[in-house]
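Open your viewer and get ready to click along with this tour. At each stop you will get something to select and a few things to look for.

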Amino acid sequence: MAMVKLYAGFERFWHWSQAALVILMLITGFEIHGTFTLLGWEQAAEIHRFAAWTLIGLWAFAWFWHLTTGEWKQYIPSPMERILAMVKYYAFEIFQGKGHPFHKDRSHKHNPLQRSAYLGLHLFIGPAIWISGLLYLFYGDLGGIGLEWLPLGAIALIHTGAAFLMLTFLVAHLYLAITMSDPPGADVKAMITGYEEVED
Amino acid sequence: MKSFQSCLRWLLSAVLFLCVSPVWAEDSQSTADHSKFEQLQEEFETGPEVTKACLSCHTEAAKQLHKTTHWTWAFENQLTGQTLGKKNVLNNFCVATATNWPRCTSCHIGYGWKDDSFDLSSEQNVDCLVCHDTTGTYKKFPTGAGHPNYEPKKWPPKKGKLRQPPDLQMIAQKVGKPGRDNCGACHFYGGGGDGVKHGHLDSSMHKPNRATDVHMDSEGLNFSCQTCHTTGGHEIAGSRYAPKPSDERGVVIPGQPDQNRATCESCHGSEAHGEEANPKLNSHTDKVACVTCHVPEFARGGRKTKMWWDWSTAGRKDANGKPLVKKEDGYAVYHFKKGDFTWEENVVPEYFWFDGDVRYTLFGEQVDDSGVVPINRIQGSYEDPDSRIWPFKVMRGKQPYDSKNKILAVPHLFGKDPDAFWKSFDWGRALKAGLMARGKEFSGEYGFVETEYYWPITHMVAPKENALGCVDCHDRNGRLAGVGGFYMPGRDRNETLDLIGWLMVLGTFGGVTVHGLGRMVSKKGRSS
């Protein structure tokens with residue numbers, strides 16, 4: 001076993017600020033949606049708008065960082081049998097006390113399921129939210145880009161649908177990230193310090 | 001002692017001078033002191049005599065007025081082709097002017113419109129003073145067909161207060177530009193009393209405070225009516241018959257051909273919210289009228305407005321056989337002459353898409369008496385770029401109609417003749433006389449049909465801190481809950497998506513909980 005630096009400073013900053021912004025936007029977004037009243041509608045809408053721009057800015061930096069450092073390769077999907085091995089592990093083997101089929105190292109910091117999940121998050125859920133979000137934000141000016149035919153109801157449908165996916169991801173992610181490491185919480189600690197013990 | 005007396009004399013003459021010195025001298029920039037005009041030195045017996053004197057200098061004034069709706073009480077709506085105006089339309093207050101002329105025309109800018117024979121081409125019958133009196137002492141007598149009383153006379157008749165005739169000479173010598181009180185003398189009391197008709201115009205607007213009307217605030221901007229209802233040649237801008245729900249001209253500046261300022265945009269522009277305001281506000285103005293947020297409620301000046309008028313119950317007597325009048329909170333809720341009323345203040349408007357197209361149910365038009373009959377209909381939609389969501393007072397009530405011919409009736413209410421409803425309380429006679437006066441045969445069968453009348457709200461603009469907030473509309477049960485044709489965040493949602501979404505989230509939560517518990521149980525099983 002050795003302590004290896006798995007997560008760079010920027011990556012950790014990106015992860016946690018993104019987490020905070022996503023949670024903030026889920027809360028304010030569902031208030032705007034009319035699910036509950038917490039901050040007041042106007043306040044919620046203003047925070048949501050502010051957080052949206054911050055998150056888009058953060059995403060731009062993250063894309064740049066991933067592309068320039070080559071870290072984007074960490075999201076290339078694994079072969080199907082390796083993904084299925086992970087599914088089999090979570091579905092059955094974990095209850096039998098069998099060992100984890102995947103072993104982290106510096107160039108493979110995500111397990112095969114994580115790779116696919118994070119790729120989906122960043123390529124589909126994220127863009128679906130912020131593209132529909134920008135259309136939402138500039139709805140009154142859509143005529144300028146020839147999209148005046150696009151009804152707000154459709155934009156809202158995509159935006160809300162993607163928000164539900166994001167919330168679902170968050171629930172699953174929290175469970176897996178907090179409890180799946182050995183001991184529980186080690187992955188969270190690693191995401192804070194950057195270092196994690198990995199097998200040699 | 002002598003010097004004290006002379007002091008007193010001086011003081012008295014000073015006070016006297018101040019009292020009689022013309023109003024114009026204090027606050028007007030007029031170049032004419034009407035008290036010095038030779039024509040105005042005579043003892044006027046009647047209003048028309050004053051007008052004659054006015055016209056000897058203001059040669060074109062009466063001709064100008066003859067072209068206005070204020071004079072003709074007739075209005076040709078260019079958009080709909082309908083002939084409107086007080087002379088022609090029906091409403092659900094006192095219903096119609098025909099046969100009730102002397103009472104109704106106490107708010108006409110003329111003298112003597114007491115029946116159909118009134119000469120609309122008479123220049124001398126134009127009443128200059130009702131608009132140009134600056135003393136506040138000129139008042140048309142309520143049943144005088146536009147004349148003030150020239151003898152001391154009681155109003156209401158018999159037990160009312162004695163009204164002295166106005167001092168026409170003094171009033172004529174002090175004429176000036178109309179103020180809020182002049183316009184308000186009629187427009188604040190439309191429908192037969194203070195605040196009855198409009199709800200956003202009532203006696204509180206003589207001297208409104210800031211909360212009631214931010215523009216007319218007597219201690220602030222102190223606008224007169226003409227500040228917005230710009231005038232030229234006695235023609236006054238702004239019309240309820242042909243309203244303008246959106247104004248694309250932007251801020252009106254000198255040199256533009258159309259100087260009409262009777263829209264919010266003509267001063268504020270169409271994106272009026274400054275940089276300090278929420279940036280989203282300006283992006284609402286292409287769909288939401290200014291007044292929708294900025295007149296959050298009407299009848300806010302401490303006066304109630306009439307919201308319901310049921311003529312069908314009129315004519316009742318109390319246990320002692322005396323005509324019945326019931327009052328609540330100082331307002332008549334039942335009057336034997338007029339039926340049942342409801343009054344409200346601080347009324348939340350009703351909101352509708354509005355493109356300025358208002359169509360009236362004209363006299364003689366067949367109505368569908370199976371439901372509520374619209375006195376007027378408003379149009380507009382989300383798709384139409386000229387439509388805005390606009391606030392309305394919807395006046396509702398029940399009024400008489402010819403139930404066989406299916407037309408709204410004209411009740412002959414006022415008069416000394418036995419056909420007048422307020423004399424004999426016989427609907428059959430009153431409706432026959434009223435319909436006949438407008439050239440229709442009465443079938444002899446009548447009933448009362450429920451009607452509604454849409455009144456666009458424009459006045460009583462509140463200070464910005466009292467304007468509506470987002471959540472007033474962006475809410476499931478917000479103010480725009482009934483306004484259709486578009487998706488509004490906070491109000492609308494796709495129920496199916498919400499169901500699927502929450503099932504997915506809760507399903508995942510349930511799944512990971514079961515998974516976690518399973519792991520704990522299996523681990524315990526293995527370790528024991």
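Start by colouring the two chains separately: 27 residues of chain B are in contact with 26 residues of chain A. Here, two residues are in contact if their C-beta atoms, placed from the backbone, lie within 7 Å. On chain B, the side touching chain A has 10 nonpolar, 11 polar and 6 charged residues. In this sorting, Ala, Val, Leu, Ile, Met, Phe, Trp, Tyr, Cys and Pro count as nonpolar, Asp, Glu, Lys and Arg as charged, and the others, Gly among them, as polar.

A note before you click further: this is a predicted model, in which local features need pLDDT of at least 70 and side-chain atom pairs count only at pLDDT 80 or more, while totals for chains, interfaces and linings use all residues. Residues are numbered from 1 along each chain as its sequence is written, and chains are lettered from A and ligands numbered from 1 in the order in which they are written.

**Stop one: where the chains meet**

Select α5 (residues 152-179) of chain A and α15 (residues 495-527) of chain B, two helices that pack at an angle of about 5 degrees with their axes 9 Å apart. Helices (H or I, at least four residues) and strands (E, at least two) are DSSP runs, numbered from the N terminus. The axes are lines fitted to C-alpha atoms, for helices over the stretch in contact, and angles run from 0 to 180 degrees between N-to-C directions. α5(A) and α15(B) are therefore roughly parallel to each other; angles under 35 degrees count as roughly parallel, over 145 as roughly antiparallel, 65 to 115 as roughly perpendicular and the rest as oblique. Show side chains for the residues in this contact, including A:Phe164 and A:Tyr175 from α5(A) and B:Met504 and B:Phe509 from α15(B). How many residues of this contact are charged? There are no charged ones, but 11 nonpolar and 7 polar.

**Stop two: chain A**

Along the sequence they follow the pattern β-α-α-α-α-α-α-β. Pick out α3 (residues 80-91) and α4 (residues 112-137) of chain A, which pack at about 105 degrees with axes 8 Å apart. That angle makes α3(A) roughly perpendicular to α4(A). Their meeting point brings A:Arg82, A:Ile83 and A:Met86 of α3(A) to A:Pro112, A:Leu113 and A:Ser116 of α4(A).

**Stop three: hairpins in chain B**

Switch to chain B and select β8 (residues 325-328) and β9 (residues 331-335), which pair in the antiparallel sense over 4 bridges. Strands pair if DSSP finds at least two bridges between them. B:Lys327 has B:Ala332 as its bridge partner. In the hairpin of β8(B) and β9(B), with 2 residues between the strands, B:Asp329 takes a positive phi near 60 degrees. β9(B) and β10(B) form a hairpin with 3 residues between them.

**Last stop: a nonpolar core**

Finally, select B:Leu90, B:Tyr401 and B:Val410, among the residues with the most contacts inside the largest nonpolar core, which has 37 residues. A nonpolar core is a set of buried Ala, Val, Leu, Ile, Met, Phe, Trp, Tyr and Cys residues joined through C-beta atoms within 7 Å; buried means that 20 or more other C-beta atoms lie within 10 Å of a residue's own. Which element gives the largest share of this core? β17(B) does, with 5 residues.

Notes:
Buried ≥ 20, exposed ≤ 12 C-beta atoms within 10 Å, placed from the backbone.
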